[in-house]
Amino acid sequence: MKILANDGISQSGISELEKNGFEVLTTTVAQEQLENFINQNKIVALLVRSATQVRKSLIDNCPSLKLIGRGGVGMDNIDVVYAKEKGLHVINTPAASSESVAELVFAHLFGGVRYLYDSNRNMPLDGDSKFKKLKKDYAGGTELRGKTIGIIGFGRIGQATAKVALGVGMKVIYHDPFIEKASLEVSFFDGQSVSFNFISLSKEEVLKSSDFITVHVPAQKEYVIGKKELELMKNNAGIVNAARGGVIDEVALVDALDNNKIAFAGLDVFESEPKPEIKILMHPNISLTPHIGAATGEAQDRIGMELANQIIELIKA
């Protein structure tokens, strides 16, 4: 039986599937050609990430499909309910990329408090002629240790982010309307671990009390962080979005940065992705990455293996 990993899959995932009798195709098929390719090759499982759209028409017109898999957490590019109604298995890998996303959040935070997002732009231009000026410009950094991080959304990725924050020495508070209480165990290299207990606070309290905000929620119909929420934040706070584009109102965000309400933002996802707005791309106080939260070798291996194990369990080759 043939599986199409249209947006790629790790070699470990391919090997596991092949060992169990599946043939894995890794051809990247254009969206408009996807239906014909699936039908011509009698594809039984379609694996995607965020690039490929799996909508009702594709599901209706590809009778060989038995399973749709998303290598990642969010499944807003798949008509999940409809696929399940049609009898297809729909799977994802919610746990596989949590640590990678959490570390990227902290890459943005560490870069933000030490102005790396700006110094990395200006040092190549002026480092040889304005070294002393740049040194002065970037001399007012702050430490993350001892500061408060507010996490909006305390699922797997939010909790993984909290663990990194605890290791850094930060105070962690969170808001999640679906998770009233949470217990986390932070493990260390020598086998020791420390446990922490948390209770969800109101969103307003988290915004008002945090030095830094990070957002970890699924795609929403409305902004989770808009003008009102940005105004509630501490002056000179920082904010990171490595969840989904459209979670933060980017117009309100730019206004807050321009008015010095907040100090910096870190964005891995964008409202108009894959063509972020020029105002966002060129803003001197925004740290930018191109939706790479799960893009580590370790995460991709975990994603591939998690997909493979679920397919093997659900579909017998």
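Buried means under 20% relative accessible area, exposed means over 50%, and partly exposed lies in between, with a 1.4 Å probe and protein chains only. Keep this at hand for the tour.

The model is predicted, so local features need pLDDT of at least 70 and side-chain atom pairs count only at pLDDT 80 or more, while totals for chains, interfaces and linings use all residues. Residues are numbered from 1 along each chain as its sequence is written, and side-chain values use heavy atoms, with hydrogens and water left out.

**Stop 1: the whole chain**

Show the protein chain as a cartoon. It has 13 helices and 13 strands. These are DSSP runs numbered from the N terminus: helices are H or I with at least four residues, strands are E with at least two. The C-alpha atoms fill a box of roughly 60 × 45 × 40 Å along the principal axes. For 317 residues, a compact globule would have a radius of gyration near 20 Å, and the 22 Å of this chain agrees with that. The radius is taken over C-alpha atoms, and the globule rule is 2.2 Å times the number of residues to the power 0.38.

Switch to a surface. The accessible surface is about 16100 Å², and 51% of it belongs to carbon and sulfur atoms. Such areas come from the Shrake-Rupley method with a 1.4 Å probe; for residues, only the protein chains shown count as cover. Of the 317 residues, 49% are buried. Contact means heavy atoms within 4.5 Å. Among contacts between residues at least 6 apart in sequence, 59% join residues at least 24 apart.

**Stop 2: Lys-133 and Asp-137**

Select Lys-133 and Asp-137. Both lie in helix α7 (residues 131-137), 4 residues apart, which is about one turn of the helix. A salt bridge here is a side-chain nitrogen of Lys or Arg within 4 Å of a carboxyl oxygen of Asp or Glu. Is Lys-133 buried or exposed, or in between? Lys-133 counts as partly exposed because its relative accessible area is 48%. Asp-137, at 40%, is partly exposed too.

**Stop 3**

The whole structure holds 8 salt bridges. Select Asp-76 and Arg-244, whose closest N and O atoms are 3.2 Å apart in one of these bridges. This pair links distant parts of the chain, 168 residues apart: Asp-76 is in the loop between β4 (67-70) and α4 (80-85), and Arg-244 is in the loop between β11 (237-241) and α11 (250-258). Asp-76 is partly exposed at 44% relative accessibility, whereas Arg-244 is buried at 14%.

Next select Lys-203 and Glu-229. Their side chains meet in a salt bridge of 3.8 Å, N to O. The pair joins helix α9 (residues 203-209), which holds Lys-203, to helix α10 (residues 227-232), which holds Glu-229. Both Lys-203 and Glu-229 are buried.

**Stop 4: Thr-93**

Go to the loop between β5 (89-92) and α5 (98-113), where Thr-93 lies. Thr-93 is buried, with a relative accessible area of 0%. Which backbone nitrogen lies 2.8 Å from a polar atom of the side chain of Thr-93? That nitrogen belongs to Gly-72. Leaving aside neighbours within four places in sequence, Thr-93 is in contact with several residues, including Arg-70, Val-73, Ile-303 and Gln-310.

**Stop 5: His-283 and Leu-288**

His-283 sits in the loop between α12 (278-281) and β13 (286-288). At 7% relative accessibility, His-283 is buried. A polar atom of the His-283 side chain lies 3.0 Å from the backbone nitrogen of Asn-285. Not counting residues up to four places away in sequence, His-283 touches Arg-121, Val-254, Leu-257 and Asp-258.

Now pick Leu-288, in strand β13. Leu-288 is partly exposed, at 29%. With residues up to four places away again left out, Leu-288 touches a set of residues, among them His-108, Arg-121 and Phe-270. Leu-288 and His-108 are 180 residues apart in sequence, but 8.2 Å apart in space, C-alpha to C-alpha.

**Stop 6: a surface patch**

Finally, select Phe-188, Phe-189 and Val-194. Together they form a nonpolar patch on the surface, with about 370 Å² of accessible area. Patches are made of residues with over 30% relative accessible area and no salt bridge; like charges are joined within 9 Å, and nonpolar side chains (Val, Leu, Ile, Met, Phe, Trp, Tyr) within 5 Å. Phe-189 lies in the loop between β8 (181-187) and β9 (193-199). With a relative accessible area of 86%, Phe-189 is exposed.

Definitions and conventions
Polar contact = N/O pair within 3.5 Å; in protein donor to acceptor, adjacent residues only side chain to side chain.
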